[in-house]
Amino acid sequence: MTAKKLARGVAVAGVGMSKFGVFPDKSSRDLFVEAYQELRSTVEKGLPPKDIEAFYLGNFSADQFEKQGHLAPIVASWIGLSPVASARMEDACASGSVALRQGILAIASGQYDVLLVGGLEKMTDLPTAAVTDALASAADTMFEIPAGFTFPGFYAAMATAYMEKYQADPDAFLRVGIKNHENGALNEKAQFNQTIKDVMAGKKAKAEQKGLPVPTWESEMDFMRDPKANPMIAWPLRLFDCSPVSDGAAAVLLVSEDLVSKYTDHPIYIAGSGQASDGALAERESLSEVPSAAKAAAQAYAMAGISAADIDFAEVHDCFTIAEIMASEDLGFFPRGEGWKAAMEGKTSRLGEHPINTSGGLKAKGHPVGASGVAQVVEVWKQLNGVAGARQLPGELRYALTHNVCGTGRTTVRHNCAKQDRNET
């Protein structure tokens, strides 16, 4: 593969995100204001709004979730950016990363010097059945949906194929959920700020308070295997294998490398970017991997001039726990069929050899689909700048990656981010 480079360097000068969760009293605009205000507070030398030349917003389907189309200029006006050029990017769950990638390319081309990228989704105003229908529109509505698939079913099919091919233990999926809840408990913005042990303790206390039999779980795995506490959704995936329905927003400020010192002395740089697509599950030779992820990874690694071995930590798309395991292989951290073993052995834990989803991932942090890809960059910026608080990774960090998938991998976007001096990029 020919290594393509950005025409000029692109830096991230500030980041922000709202709390992720369920907010019946807030609109999507309110959530984005929270993200934008936090972003401005992280730009250490200040950000005059007049400096922002364009606004790209990742959003999957405000049309269905909120009955609101044409969202980008509406949000731009809400935060005082009119009349800057504003555009909404839609690529299902990868919408945020696609908006980010287009922003990177716009700055690298010289069209803009300062650009705001946002990600936004307000999903919880609809009942669960309506949310399921909205999300199903990201699949093939001509063939896949009429066959009876929903996204838990898609990923259950991928999980069973993976288990069959590699003799994987489904306990590995549960281990991913436990790990990501441990990380989410350290993230004040996460939808689930509880470890599985915390969840167990709460359920025991509630049972005792109501005079009901107190559960006798002795370990997290006892809880995770309990069909009443953690019911099966689509075998082998249980409730705690699935990311939640979420509201939330995230924002990132992109600046050309020659101007970034005007805004901050602590930028991170976009070292590589890649994007690829694929067909439906029925068109793939194997269900146990996501080809578009491997292709996007190869592009991003080549652009950055690095390999998987150089990555210090990663934020990956764990819409379901099997997705994180497959991603760990698609991205080159582990050989094919070894990702589940790595999860079982704790190699992807916060203090493991390949930390994945220190934010809690989509599983615990939450998955407001249009915001997820941008929120991954928020975590990377915090970790590389040493401001991630209780979940801060030890040691000197240099390279990180984000991995954001649409549906079953029909679109995958990858970004490598680096903490380094401008003249090194």
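In the predicted model, helix H5 spans residues 128-136, and its buried residues are Val131, Ala134 and Ala136. Part of the cover over these buried positions comes from helix H2 (62-65) and helix H6 (151-166). In an α-helix, residues three or four places apart point the same way, because there are 3.6 residues a turn. Val131 and Ala134 of H5 are both buried, and readers may like to follow them along the helix in the structure above.

H5 also has a part in the largest pocket, where its five residues are the biggest contribution to the lining. The space in this pocket comes to about 710 Å³. The lining counts 33 residues, and those closest to the pocket centre are Cys242, Ser243, Pro244, Val245 and Phe320. H6 and strand S10 (399-406), like H5, each provide at least two lining residues. Sorted by class, the lining holds 23 nonpolar residues, nine polar residues and one charged residue.

S10 belongs as well to an open sheet of nine strands with mixed pairing, in the order S3-S2-S4-S7-S1-S8-S11-S10-S9. At the edges of this sheet stand strand S3 (85-89) and strand S9 (313-315), each of which pairs on one side only. On average, and with direction ignored, neighbouring strands of the sheet are turned by 25° against each other. At the S3 end, strand S2 (residues 54-58) pairs with S3 in the parallel sense, and five bridges link the two.

Helix H11 (residues 321-330) is mostly covered, with 10 of its 10 residues buried. The buried set runs through Thr321, Ile322, Ala323, Glu324, Ile325, Met326, Ala327, Ser328, Glu329 and Asp330. Among the elements that cover them are H6, helix H7 (171-184), strand S6 (237-238), helix H10 (291-304), helix H12 (339-344) and S10. After H11 comes Gly332, which has a positive phi near 90°.

The backbone holds several further points of interest. Most peptide bonds are trans, and most residues other than glycine have a negative phi. Against that background, the bond from Ser82 to Pro83 is cis, with omega near 15°. Pro83 sits in the loop between helix H3 (71-78) and S3, and S3 is one of the edge strands of the sheet. A cis peptide bond is also found between Trp235 and Pro236, where omega is about 10°.

Two residues other than glycine have a positive phi and are worth a look. Lys67 has a phi near 60° and lies in the loop between H2 and H3. For Asn357 the value is about 60°, and this residue is found in the loop between H12 and helix H13 (361-365). Are these residues buried or exposed? Lys67 has a relative accessible area of 71% and is therefore exposed, since the cut-off for exposure is over 50%. Asn357 counts as buried because its relative accessibility is 0%, and buried means under 20%.

How values were computed:
Residues are numbered from 1 along each chain as its sequence is written. This is a predicted model: local features need pLDDT of at least 70, side-chain atom pairs count only at pLDDT 80 or more; totals for chains, interfaces and linings use all residues. Side-chain values use heavy atoms; hydrogens and water are left out. Buried means under 20% relative accessible area, exposed over 50%, partly exposed in between (1.4 Å probe, protein chains only). Helices (H or I, at least four residues) and strands (E, at least two) are DSSP runs, numbered from the N terminus. Contact means heavy atoms within 4.5 Å. Two strands pair if DSSP finds at least two bridges between them. Axes are lines fitted to C-alpha atoms, for helices over the stretch in contact, and angles run from 0 to 180 degrees between N-to-C directions. On a 1 Å grid over the protein atoms alone, a cavity is a set of points where a 1.4 Å probe fits but cannot get out, and a pocket is an open set with protein on both sides within 12 Å along at least five of seven lines; lining residues have an atom within 4 Å of a point. Grid points are joined across faces, edges and corners, and a volume is the space filled by probe spheres set on the points. Ala, Val, Leu, Ile, Met, Phe, Trp, Tyr, Cys and Pro count as nonpolar, Asp, Glu, Lys and Arg as charged, and the others, Gly among them, as polar.
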